[in-house]
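Hi everyone, thanks for making the time. Please have the viewer open while I talk.

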Amino acid sequence: MDQTPGPATPPPGGLDAPIRAGIPDHGRVPKYYAVKGQLEELLDELGEGGVLPTERDLAARFEVARETLRQALRDLLIQGRVRRRGRSTVVAGPKLEQPLSLASYTEGVRRQGRIPGRTLIGLERFAADPVLAGQLGLGAGEQVWHLERVLLADGERVGLESTYLAVARVPALDREFDPGSSFYAFLREKTGVEFGAADERIETVLASPREALLIGTPPALPMLLLHRLTRDAVGVPLERVRSLYRGDRFSFTTRLEAD
């Protein structure tokens with residue numbers, strides 16, 4: 001008899017849910033994964049902001065060892081379904097969807113009805129090394145700004161952003177720019193720059209100890225790292241940006257069209 005599995009039927013969760021709800025073809029489900037499914041049902045019942053029972057109570061409820069329960073909770077934490085609040089675990093809201101476009105972080109967050117914000121870590125100028133100078137179309141040793149800020153959404157720390165650009169572009173950046181506001185809006189209004197195009201690369205990383213401390217996350221939490229090189233309307237490099245986003249709080253969207 002042919003034992004080849006037939007076409008997978010999408011689970012009740014729709015296209016976002018894993019095929020066959022994550023159950024391997026051999027049908028054997030790890031105990032923690034079964035507990036995770038039970039926990040997800042509980043999360044739906046509690047709703048956003050709901051507080052989960054203690055680990056001890058949950059382990060007794062599902063009749064599993066505490067370590068099995070913790071593994072299921074770790075998975076849900078990484079997925080962004082739950083978050084820590086003090087010593088409690090609460091149901092998290094939906095992830096922020098950031099478009100892959102020449103729009104600012106501020107614009108993307110506001111479109112979702114959330115309040116964007118930024119906390120300044122540092123603004124300094126220094127002589128560009130040959131690599132950074134080449135990326136920005138400058139001569140080695142020319143002065144560049146480095147702007148570093150923690151990204152906020154509804155007051156929650158969700159990322160860390162580093163921006164590099166030539167001092168010659170905005171000589172008075174340290175005096176004229178409000179670090180809590182949109183940098184792109186500032187460039188448009190103060191310098192009249194017109195954005196042209198950008199090259200962007202995304203990868204998954206772990207935050208360094210310093211980055212994890214600034215963002216307020218465990219070092220083991222996966223992060224989404226974006227590298228962007230932006231050019232103005234005539235193709236001259238404008239900025240290089242390194243943005244680190246919490247993998248449990250962000251997803252990225254784009255639209256693909258046929259040529």
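Let me begin with a term I'll need in a moment: a crossing of two helices is called right-handed if the near helix is turned clockwise from the far one by less than a right angle, and left-handed if it is turned anticlockwise. Please also keep in mind that this is a predicted model.

With that term in hand, look at α1 and α3. Their crossing is right-handed. The two axes come within 8 Å and cross at roughly 60°. An angle of 65 to 115 degrees would count as roughly perpendicular, and α1 and α3 are therefore oblique to each other. Who makes the contact? On the α1 side you'll find Lys-31, Tyr-32, Val-35, Lys-36, Leu-39, Glu-40 and Leu-43, and on the α3 side Thr-68, Leu-69, Gln-71, Ala-72, Leu-73, Asp-75, Leu-76 and Gln-79. Sorted by class, that contact has 8 nonpolar, 3 polar and 4 charged residues.

Now bring in α2. Helix α1 covers residues 31-46 and helix α2 covers residues 55-62; their axes come within 11 Å and cross at roughly 115°. That makes α1 roughly perpendicular to α2. The crossing of this pair is right-handed. From α1, the contact uses Val-35, Gln-38, Leu-39 and Leu-42, and from α2 it uses Leu-58, Arg-61 and Phe-62. By class we get 5 nonpolar, 1 polar and 1 charged residues here.

That leaves α2 with α3, where α3 spans residues 66-79. These two pack at an angle of about 105°, and their axes are 9 Å apart. So α2 and α3 are roughly perpendicular to each other. Glu-55, Arg-56, Leu-58, Ala-59 and Phe-62 of α2 meet Arg-66, Leu-69, Arg-70 and Leu-73 of α3. The class count for this contact is 5 nonpolar, no polar and 4 charged residues.

Let's zoom out for a second. How many helices and strands are there in the protein chain? There are 8 helices and 10 strands. Of the 259 residues in the chain, 39% are buried. And if you take the contacts with a separation of 6 or more, 57% of them are between residues 24 or more positions apart.

Next, a residue I'd like you to click on: Trp-145, in strand β5, which runs over residues 143-153. Is Trp-145 buried or exposed? Its relative accessible area is 2%, so Trp-145 is buried.

My last stop is Ser-182, in the loop between α6 (173-176) and α7 (183-191). The cut-off for buried is under 20% relative accessible area, so Ser-182, at 10%, counts as buried. What does its side chain reach? The Ser-182 side chain reaches the backbone nitrogen of Tyr-184, at 3.4 Å.

That's my tour, and I'm happy to take questions.

Methods
Residues numbered from 1 in each chain as written. Predicted model: local features only at pLDDT ≥ 70, side-chain atom pairs only at ≥ 80, totals over all residues. Heavy atoms only, no water. Axes fitted to C-alpha atoms, helices over the stretch in contact; angles between N-to-C directions. Helix = DSSP H or I, 4+ residues; strand = E, 2+ residues; numbered from the N terminus. Parallel < 35°, antiparallel > 145°, perpendicular 65-115°, else oblique. Contact = heavy atoms within 4.5 Å. Nonpolar A, V, L, I, M, F, W, Y, C, P; charged D, E, K, R; others polar. Buried < 20%, exposed > 50% of the residue type's maximum accessible area, 1.4 Å probe, protein only. Polar contact = N/O pair within 3.5 Å; in protein donor to acceptor, adjacent residues only side chain to side chain.
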